[in-house]
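Here's a quick briefing on the structure below. Have a look at the model first, then come back for the notes.

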Amino acid sequence: MMNQQGRVLTQLLQGQFICQISDEEAWRYLKNSANRDALEPHLNLLNRTLTSTADGDVFFVGYTALGEDERKILGQQFQEVSSSLRPLVDWLLLVQQAQGSDVPVTMGTPIRLTELQTIIEDTPAFAEQLEKISRYRLFGSTSTQVDGQIKQVFKRLTDLGYLLKPNPEKQIFIATGKIDYLYEVLRFIDETESLSLAEQAQMASEQGSLL
Amino acid sequence: MNQNLFQSGVKLLNALSRHSEVIMRAYLVGSVSASDISPKVLDQLLQLGVLWRPEQDGDYRLKGAVRNLLEGSLQDERNRQIDTNMASALAAIKTLAQHYKEALHYGRFAESQGHLNDLREHVYALTESLANHVRLLFSRINNEFGYVSSVDAKIRENQLAQSQVTDLLNQIELIRFDELSELAGNNRDLRHLLVVALQQSFTRVTKEQSAVQARLLELLGRFREFRGKTRLLKGFVLHSDQHPDFVPKDYTRFSQIPMLFNQAEPLLRAAAVDPNNVEQEAELQHLVGQIRTINRQRKHEQHSAAKSISIEVLAAVEMDDSRLREAVEQYFCHVIDSGENITALQYHQWRALDFDTEAWLYQVIGGYQSLDTEEQRFFAIEATGEPHPVYSGNYLIHDVILGLR
């Protein structure tokens, strides 16, 4: 049998994001700096190094040295990430609005698919929004029914690792640390391109309240 | 016992129970209009001070005291506000303590007992209101200000709660235990009330308040984070709506790639099965046993169009076959002619035949077996070889020897 170190190493090399939701045991293992140091030489051997998001709650593996090949791969990945930003952001906002709690979806947020579906079906504006989201290439739904659209979107998100379905018999999904990674990507773009997104949103909502 | 006070108290409580529905309706809705209740009941409730009318021609509302009673007993924290005016409460306590001491000094014991009772009432009311205050804050924190839905409102509520905590802490500072202990002097009852009871509640409340403050700050941090994330999402949507051609720069082209985008591609693939590993044999067999249907991917066979077949090519193939047969026939003839025993491989070598030796041996054995039984009787054939070392029942033939009987 593999020990914990081997198990975590395998997951990392498979390109998985490890967070408290996706695998709590592995996450706890990685939270310990001695364990991280023990893992590092194995990764370095393969030109890889352990990386985490800024708050250190999501772990993944990056390259140590960046040659031409690595840059090419990273470039492709970045294209994928940046093209899937808008669909994902739209989806996050839809879930947040439909749940009516004004709390954004973050790591650990449970989403009850059937409840969400009922709300969306009862609200034409949400249904329209879902229709738009499900047509994005990222989700690629061709269904005309809310049922088919929402199931396809959730299936794709689970495949991509943004959601986790802890119990295969129940339609309850939990957001993983990859969602938090997404926020960090947005924040990074915001800061690097000086878009001041938060200020734009605040101004818009203040103007909206004046009207 | 004051008989009059007792009687009117009982009357009030009876009225409360008789009109409980009206009162609860006023409590839950906030007010009742005159048209909902009969004028007689309304008059009675107004006289007893249960209902009042803040504005002329307005609706009737519950008096604060009744509302407080209900909120306290029902533990209903929805819109409960406790206003602790510590300074005036303390002043009242001090005054009562002085009354009590004076009465004792002049030996008016009945009067002093009355003052002591009042004093007890005040002190316990003060400690209760402090405890209630903390309980109220905790219940708000525990449901994360669930009574307002938007995060902005939660942040405002949180700030209000923080200012209340600060106020309360400031007020608690007004309790000067040295003054109180001086006032109590050596009177046992007074000391118990002013020093022991108040001090206990004081320590408990300050300890809880600091916990409340920490939780409030933590919650505020979380709410701000929520707000920040929501604004980030909304801002992004807004921005990409206003600038439809917006594409972030390719940060992977930078000389220093941000750690965020340095994500290695998956390296490990599933391992393959090793059929030679004896240790895994049982599991592998189990796996194979679970296969219900074998779906081999058959390549779609392309039916070639009918075409004319040239006979010459076929004949050439036949020739090839017959050469081998002819050679075998010659081998048999050689054995008859010479009358010597010669093995098939020796003949093969001697004649320098270019057939594959295995095919040659097969053909020789086949040639012998295709003879009639009568002709077979002339020949003796014997195979030299050995049994297979692993699989019993199989016999490996190395050579065949043919001779005349």
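Two strands count as paired if DSSP finds at least two bridges between them. Helices (H or I, at least four residues) and strands (E, at least two) are DSSP runs, numbered from the N terminus. This is a predicted model, in which local features need pLDDT of at least 70 and side-chain atom pairs count only at pLDDT 80 or more, while totals for chains, interfaces and linings use all residues. Residues are numbered from 1 along each chain as its sequence is written, and chains are lettered from A and ligands numbered from 1 in the order in which they are written.

**Confidence**
- The model comes with ipTM 0.87 and pTM 0.61.

- An open sheet of three strands runs in the order β3-β5-β4 in chain B, with antiparallel pairing.
- Its edge strands are β3 (342-343) and β4 (379-387) of chain B, each pairing on one side only.
- β3(B) is tied to β5 (residues 395-404) of chain B by two bridges, and the two run antiparallel.
- Opposite I342(B), you'll find L402(B) in β5(B).
- Helix α13 (residues 357-369) of chain B packs on this sheet and touches β4 and β5 of chain B. Contact here means C-beta atoms, placed from the backbone, within 7 Å.

**The hairpin in chain A**
- Chain A has nine helices and five strands.
- Strand β1 (residues 48-52) of chain A is joined to β2(A) by five bridges, and they run antiparallel.
- L50(A) has V61(A) of β2(A) as its bridge partner.
- Six residues sit between the strands of this hairpin, and G56(A) takes a positive phi near 70 degrees.
- How many residues of β2(A) (residues 59-63) are buried? Five of its five are, where buried means 20 or more other C-beta atoms within 10 Å of a residue's own (exposed is 12 or fewer, partly exposed in between, with C-beta atoms placed from the backbone).
- In a regular strand, side chains alternate between the two faces of the sheet.
- Both faces of β2(A) are covered, with F59(A), V61(A) and Y63(A) buried on one side and F60(A) and G62(A) on the other.
- Across chain A, buried residues make up 35% of the 211 residues.

**L194(B)**
- L194(B) lies in helix α9 (residues 188-242) of chain B.
- L194(B) counts as buried because it has 24 C-beta neighbours inside 10 Å.
- Leaving out residues up to four places away in sequence, L194(B) touches A97(B), L180(B), L183(B) and A184(B).

Definitions and conventions. Two residues are in contact if their C-beta atoms, placed from the backbone, lie within 7 Å. Axes are lines fitted to C-alpha atoms, for helices over the stretch in contact, and angles run from 0 to 180 degrees between N-to-C directions.
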